Amino acid sequence: MPPLSALPSRSSTRSSTRSSIRSGTPSGTRSGPRSASAVAAVLVALALAAGGCSSSTDSSAPQAGPSSSSSTNVGGARPVESKVLLGRVAGNLHQPNRKIFQKHRKRVLKRVGAAVDTWIDGGFVGVDYPRKHFKSAFAAFTGPARHDARRQLKLLTNWSLRRKIDGVHVRKRTVIVDVLAPHGRPAGATARVLLVFKTTGHRKLVVTVSGRLFLIPDGHGGWRIFGYDVSQGGK
């Protein structure tokens, strides 16, 4: 498997809009053809699904349960935080590597969750409505991924409804984090996201945003989103 620093990113859309996987290399350079980008972006997910995966101590297949009570984000109310769970872990986790990973576990979940929440809050449920833009939605994205994301605002933010609603109620907000941890040390992650919220105002819809975000450590203690495969739909 190539080094994570060389992996690009990608996205998808459904009705309901679905994005096709897009990519941007973490180094900040543009990736190659889109077909190659798609393959590279999926490598992290493939590594987690292939041999060498070990289930988390929480559960071998954690369920995306609802977050705490629903919340109204009108007038700047504090949004509900995501429920973050550890999913699958790929890598050689035999002793003593398992002990090494356990030392990183809480920090990885917290910081990957924080990066994902930056997108969820900035693009959907942590802002006031009506509004003109979603400037903070991609703060945790790498440069190339941010460049691509800004061209897909209808998919990656609540752009289509921004002037037609006056608030949202969060119904479900979960993030399951699959970690690539060679020798127990986290080197990459795939965040499986499920966000469900109800809009209020002129347009009353139940919107579902789901998919995967691909992340790498940024070298400064945080994590950055370098790719995405996301769908969004409302009814």
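The following legends describe close-up views of a predicted model. Because the model is predicted, local features require pLDDT of at least 70 and side-chain atom pairs count only at pLDDT 80 or more, while totals for chains, interfaces and linings use all residues. Residues are numbered from 1 along each chain as its sequence is written, and side-chain values use heavy atoms, with hydrogens and water left out.

**Figure 1. Secondary structure and surface of the protein.** The protein contains four helices and nine strands, where helices (H or I, at least four residues) and strands (E, at least two) are DSSP runs numbered from the N terminus. Their order along the sequence is β-β-β-α-β-β-α-α-α-β-β-β-β. Of the 235 residues, 51% are buried; buried denotes under 20% relative accessible area, exposed over 50%, and partly exposed the range in between (1.4 Å probe, protein chains only). The accessible surface is about 10700 Å², and carbon and sulfur atoms account for 52% of that area. Accessible areas follow the Shrake-Rupley method with a 1.4 Å probe, and for residues only the protein chains shown count as cover. Among contacts (heavy atoms within 4.5 Å) between residues at least 6 apart in sequence, 66% join residues at least 24 apart.

**Figure 2. The largest nonpolar core.** A nonpolar core is a set of buried Ala, Val, Leu, Ile, Met, Phe, Trp, Tyr and Cys residues joined through side-chain atoms within 4.5 Å. The largest such core has 46 residues, of which Val112, Trp119 and Leu213 touch the most other members. Elements giving two or more residues to this core include strand S5 (83-90), helix H2 (97-125) and strand S6 (165-180). Helix H2 supplies the largest share, 10 residues. Neighbours within four places in sequence aside, the contacts of Leu213 include Val116, Trp119, Ala189, Val193, Ile225 and Tyr228.

Figure 3. A pair of aromatic rings is described by the distance of the centres and the angle of the planes. Rings of Phe, Tyr and Trp (its six-membered ring) pair if their centres lie within 6.5 Å; planes under 30 degrees apart count as stacked, over 60 as edge-to-face and the rest as tilted. The whole structure holds seven aromatic pairs. The ring centres of Trp119 and Phe124 are 5.6 Å apart with planes at 90°, so this pair is edge-to-face. Both Trp119 and Phe124 are buried. Ring pairs join Trp119, Phe124 and Phe197 in a cluster.

**Figure 4. The Phe214 and Phe226 pair between strands S8 and S9.** These two rings form a tilted pair, 6.5 Å centre to centre with 45° between the planes. Phe214 belongs to S8 (residues 206-217) and Phe226 to S9 (residues 223-234), so the pair ties together parts 12 residues apart in sequence. Phe214 is buried at a relative accessible area of 0%, and Phe226 is buried at 0% relative accessibility.

Figure 5. Two strands pair if DSSP finds at least two bridges between them. S7 (residues 188-201) pairs with S8 in the antiparallel sense over 10 bridges, and the partner of Lys198 in S8 is Val206. Four residues separate S7 and S8 in their hairpin. S8 and S9 are antiparallel over 11 bridges, with Phe214 opposite Gly227 in S9. The S8 and S9 hairpin has five residues between the strands, and Gly219 in the turn has a positive phi of about 85°.

**Figure 6. Arginine charges over aromatic rings.** A charge sits over a ring if NZ of Lys or CZ of Arg is within 6 Å of the ring centre and within 35 degrees of the ring normal. Arg131 lies over the face of Phe134, 5.4 Å from the ring centre. The charged end of Arg162 sits over the ring of Trp159 at 3.6 Å from its centre.
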